[in-house]
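This report describes how the parts of one protein chain are arranged. Please consult the sequence and the structure shown below while reading.

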Amino acid sequence: MSEELNIYNFKNYIEDFFKDLELYDDYDGRHNYKGILKASIDVFLNFESDYTAKEVYRSFFMIYQITGEDKSKREDNKKLISEPNTLLNLVNVMEKYEKNTGELIDRQRDHFIHSVNVFLLGLAIYTKNKKYRKAFNNYVKKSQYKKYYGYENKEVSREEFLYRWGVASLLHDIGYPFEIVGKQLKKIINDGVKSISNSYSVSLGIDFDNFDEFNSIVKMDPYDFADNYRKINKRSKVLDLYKPTDILAHKVAKDFNFSNEKFKLLKKHLNGFIYYMREKDFIDHGFYSAILVLNSYGKIMQKYDKNDIFFFYPIVDSASAILLHNYYNKTLQKDPFNLKKLSPKSNPIAYLLILCDELQEWNRQPFGQIDKQKLHVNELSISIGENSMDVIYIIKNGSMGLGFSKDKKDFINNVLDIESIFVKGIFVSSDVEPDIEEGIMRNMDIEEIQAPDILIKNIEELASKIHANYNNRINHDYDDAVERGEEVDKNLEISHNTLEEFNELSSEYKLSNLRQARSIPKKLNLIGCEIAPLDDERDEITFEDLDEKEIENLAIFEHQEWCREKRGTGWTYGPIKNEDLRENPNIVEWDELSDEVKEYDVDTIKIIPELLNSLELKVVRSKIRLLTYKMQEYFEKNFENDEYDSELSSEDKFKRLPDHVKYTNYKQANFIVKILNERGYDIIDKNDKIDAIKSDDFDEHDLEHFAEREHYGWCMLKYDLGWRHGPLDIDEKTSPNLVKWEELDEELQENNMNTFKKLPDMCDEVGLQIVKSE
């Protein structure tokens, strides 16, 4: 589906929702709040950004802001009323913490724009699926709330869904700063101790000296605002209805018809949940989000003397959905509650929130250190009907991770009763664009393999030689232009006239050359190489041995690092290089550079072998990469005889493979190291004098574990690249082997196990060995 059709399709769903929406405060031309909300959403759909997302939040929470005024009444006396918007303030706090602290943890992606997309996706599903609308209508009608809006004999208004869903979806992640803080502390401590030894491990949870104070709604009334609720709910008389965890326990127990015994168990679990999270070493931000929502609305409704029923039904319903969006699968589906798949009849808002929260992955900006290195979904192709929902994640710049789309489908089907609203199910898949598959190597392994540090004396010498090479290149290009009688490019002239020797450079330019020298090991790892002494037995790799794409990939990486360096030191784009204004015309994407400028980056790559030779070092293939070649050769020789060519070296055989297959194999080699670790084995250099594992030393349990885990990793990678189960068809991306291990053909299972049986011999051939971990 084209990009235009994707946007058009989703916009149509939102248009349909608003077409039949009537807001109570808009009645008889009093206001046009619907138009305001719709306008903010239209702008967001045309251009997703923090700014346009904030407009959606602002419109919704200003329309539904609870104040002392009667917004439905038109007054002739206009007076300026200033009321703080507590909910908007909470949203702003989440945005600030996420942006400013995300880089201090490994895994974190945008929740600010994400929540707006969750909100819109829910509107689309509500609009296009009658079964969901019926479940929501019945849920509202069976509650005490019905008499206040006279819903006994008529349909529940679309605004009722908008209000409850808006509160739940737009606020479901406002407690995320709690999770950020906990992850930060854990990462800081673990990074510190693990830099000493990997044997250290630290668990850390958030602790409260006064959790009871946080877990309470401020009392503002001279009377008990919960009186009305207690009158119609006998079980609630034993609860503290100013205590959010008690309120949530009561609400969840009602939704799922808990016995008194289970209700007491749930109440105890929620009241002690902060200690449970600390014991299990995780933080559930949904728990904190739900409490913040109840605290905020509880205080506001007392302040303006609102009927408490409008708190205990719409708001508590939404807050319980926020709690359940993580708590349901992590707690209620496990002992001692053992709930089955969530039905929309039990809590339709929670059901929709879990579904939309899991599906919303397009255009989610990564903030965490690891997530920044991963690639992400650019667009969504979506089709919602009465019987099914098709979701295709369109990946334009690489891969999401192991089995991304399959994991999502499995999670949804394990947690939600999908057939209750989509009888034919939800279909989730990934579509990696063809040009990306061919260029996928460019985006892999930059951070996955730890490159060794170079001694400072070598870095200094390399940096000096890198700068000398740059000077030579500038002089050559300048002299060449003059000799041909051409007008010298203005930027080239500026560079030529400001050339200096390395020791005369400013601190900033010295550091730039040092950065380039330090990054050499990382660049080499990007193409499966490493630095070794000249007397290493492995053949030296010259850049004549590399194809043009590998050289270009390294040049692109160098340019990206240079741009980060420039931006990090206050430089910006400018048409002419200007030292005073700190502007440079080359602070642009690779594809926007001129061929002449690209050649400078290519030149810095081609000179690496010569630079290393001057230090009595050379470039060689890394041993893990050599192991990758051997494994592919073993596979072709034993299982794909038509592909095997005994005349070609294992490296040349590997080079024939498409880039996305190389990518899969590279990832698999690194995955195998992890698999071996799980059973207490390490792959180390053969020169280390430690007793190595022989081919017959693995027992059957080891071999089956290795083979099953390797097959799982292979399946996940294939799913990630858009493959699915079916007859073997490379063009259609189908394979009959994309099945669970136990469903795999026995001969293939045996082949996988034999690969691991031969693994010690393959390691030995490339200078590695498998040993028992210390």
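## Helix H8 against helix H16

The axes of helix H8 (residues 158-171) and helix H16 (residues 309-332) come within 9 Å and cross at roughly 40°. Here helices (H or I, at least four residues) and strands (E, at least two) are DSSP runs, numbered from the N terminus. Axes are lines fitted to C-alpha atoms, for helices over the stretch in contact, and angles run from 0 to 180 degrees between N-to-C directions. The crossing of H8 past H16 is right-handed. A crossing has this name if the near helix is turned clockwise from the far one by less than a right angle, and is left-handed if anticlockwise.

On the H8 side, the residues that meet H16 are Glu-160, Tyr-163, Arg-164, Val-167, Ala-168 and Leu-171. Their partners in H16 are Tyr-313, Pro-314, Ile-315, Asp-317, Ser-318, Ala-321 and Ile-322. Contact means heavy atoms within 4.5 Å. By class, this contact has nine nonpolar, one polar and three charged residues. In this grouping, Ala, Val, Leu, Ile, Met, Phe, Trp, Tyr, Cys and Pro count as nonpolar, Asp, Glu, Lys and Arg as charged, and the others, Gly among them, as polar.

## Basis of the model

This is a predicted model, in which local features need pLDDT of at least 70 and side-chain atom pairs count only at pLDDT 80 or more, while totals for chains, interfaces and linings use all residues. Residues are numbered from 1 along each chain as its sequence is written, and side-chain values use heavy atoms, with hydrogens and water left out.

The secondary structure of the protein comes to 33 helices and 11 strands. Of its 774 residues, 53% count as buried. Buried means under 20% relative accessible area, exposed over 50%, and partly exposed in between (1.4 Å probe, protein chains only). Among contacts with a separation of 6 or more, 73% join residues 24 or more positions apart.

## Two other helix pairs

Helix H6 (residues 130-141) also packs on H8, at an angle of about 85° and with the axes 11 Å apart. H6 and H8 are therefore roughly perpendicular to each other. In H6, Tyr-132, Arg-133, Phe-136, Tyr-139 and Val-140 meet Arg-158, Glu-160, Phe-161 and Arg-164 of H8. This contact has five nonpolar, no polar and four charged residues.

Helix H21 (residues 456-483) and helix H22 (residues 490-497) have axes that come within 10 Å and cross at roughly 130°. H21 and H22 are therefore oblique to each other, and H21 passes H22 in a left-handed crossing. The contact is made by Tyr-470, Ile-474, Asn-475, Asp-477 and Tyr-478 of H21 with Leu-492, Glu-493, Ser-495 and His-496 of H22. By class, it has four nonpolar, three polar and two charged residues.

## The nonpolar cores

In soluble globular proteins, nonpolar side chains tend to be buried together. A nonpolar core is a set of buried Ala, Val, Leu, Ile, Met, Phe, Trp, Tyr and Cys residues joined through side-chain atoms within 4.5 Å. The largest such core has 121 residues, of which Tyr-297 and Phe-311 touch the most other members. Helix H16 contributes the largest share of this core, 14 residues. Apart from this core lies another, of 34 residues, among them Leu-505, Leu-526, Val-597 and Ile-605.

Which residues does Tyr-297 touch, not counting residues up to four places away in sequence? They are Phe-61, Ile-66, Leu-87, Tyr-163, Val-167, Leu-171, Phe-311 and Ile-315.

## Backbone features in loops

The loop between H16 and helix H17 (348-359) holds Asn-338 and Pro-336. A cis peptide bond joins Asp-335 and Pro-336, with omega about 5°. Asn-338 has a positive phi of about 55° although it is not a glycine. At 45% relative accessibility, Asn-338 counts as partly exposed. Not counting residues up to four places away in sequence, Asn-338 touches Leu-332 and Gln-333.

Glu-616 lies in the loop between helix H27 (608-613) and strand S7 (617-621). Glu-616 is not a glycine, yet it has a positive phi of about 60°. Its relative accessibility is 59%, so Glu-616 counts as exposed.

Key. Angles under 35 degrees count as roughly parallel, over 145 as roughly antiparallel, 65 to 115 as roughly perpendicular and the rest as oblique.
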